[in-house]
Amino acid sequence: MYQPSSAPRQEPETTTPEPNKSLADLLELILTDEGYRVVLAGNGRQGLERLADGPLPDQVICDYMTPVLNGAGLILAMQANEA
């Protein structure tokens with residue numbers, strides 16, 4: 001089950017599964033510039049593993065075409081782990 005962190009963060013966090021390195025770098029640049037701490041993952045499965053490893057981020061940005069576990073599968077897995 002995913003658990004939010006009880007410790008306050010100094011900056012909001014986002015997890016972004018994105019296999020395209022150029023796009024991942026661009027997203028990281030933009031989000032960091034907006035004040036987010038960015039956690040990148042190479043695919044949806046890695047994104048889900050990162051979510052399970054630590055406190056929940058403030059947001060998750062994913063697309064439908066993410067390999068290994070697509071965006072819809074990632075959202076369904078996240079919802080299943082909330083119960």
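Colleague: Which residues point one way from strand 1, and which the other way?
Modeller: Strands are DSSP runs of E with at least two residues and helices are runs of H or I with at least four, numbered from the N terminus. Every residue of this set is buried, where buried means under 20% relative accessible area, exposed over 50% and partly exposed in between (1.4 Å probe, protein chains only). Thr14 and Thr16 point one way from strand 1, and pointing the other way are Glu13, Thr15 and Pro17.

Colleague: How many residues of strand 1 are buried?
Modeller: First, a word on the model: it is predicted, local features need pLDDT of at least 70, side-chain atom pairs count only at pLDDT 80 or more, and totals for chains, interfaces and linings use all residues. Residues are numbered from 1 along each chain as its sequence is written, and side-chain values use heavy atoms, with hydrogens and water left out. Strand 1 is largely enclosed by the rest of the structure, because its buried residues number 5 of the 5.

Colleague: What relative accessible area does Thr16 have?
Modeller: Thr16 is part of strand 1. Beyond its neighbours within four places in sequence, Thr16 is in contact with Leu27, Leu31, Val39, Leu40, Ala41 and Ile61, where contact means heavy atoms within 4.5 Å. It is buried, with a relative accessible area of 2%.

Colleague: In what order do the strands form the sheet?
Modeller: Two strands pair if DSSP finds at least two bridges between them. Strand 1 and strand 2 run parallel and are joined by 5 bridges; Thr14, for one, has Val38 as its bridge partner in strand 2. The 3 strands make an open sheet with parallel pairing, in the order 2-1-3. One side of each edge strand is left without a neighbour in the sheet, because each has a single partner strand, and these edge strands are strand 2 and strand 3.

Colleague: What angle does the direction of helix 1 make with that of strand 2?
Modeller: Helix 1, residues 21–33, packs on the sheet and touches strand 1, strand 2 and strand 3. For the angle, axes are lines fitted to C-alpha atoms, for helices over the stretch in contact, and angles run from 0 to 180 degrees between N-to-C directions. Helix 1 and strand 2 make an angle of about 165°.

Colleague: Which residues is Gly35 in contact with, leaving aside its neighbours within four places in sequence?
Modeller: Gly35 sits in the loop between helix 1 and strand 2, and it counts as partly exposed at 31% relative accessibility. Its C-alpha atom is 6.4 Å from that of Glu11, though the two are 24 residues apart along the chain. Its contacts beyond those neighbours are Glu11 and Pro12.

Colleague: How wide an arc do the buried residues of helix 2 cover?
Modeller: The buried residues in helix 2 are Gly44, Gly47, Leu48 and Leu51. They lie on the same side of helix 2, because the arc, taken from the directions from the helix axis to the C-beta atoms, is only 100°.

Colleague: Which residue caps the N-terminal end of helix 2?
Modeller: Look in the loop between strand 2 and helix 2 for a residue, Asn43, that counts as buried at 12% relative accessibility. It touches Pro17, Thr66, Pro67 and Val68, not counting residues up to four places away in sequence. One of its side-chain oxygens lies 2.9 Å from the backbone nitrogen of Arg45, and the capping residue is Asn43.

Note on methods:
Polar contact = N/O pair within 3.5 Å; in protein donor to acceptor, adjacent residues only side chain to side chain.
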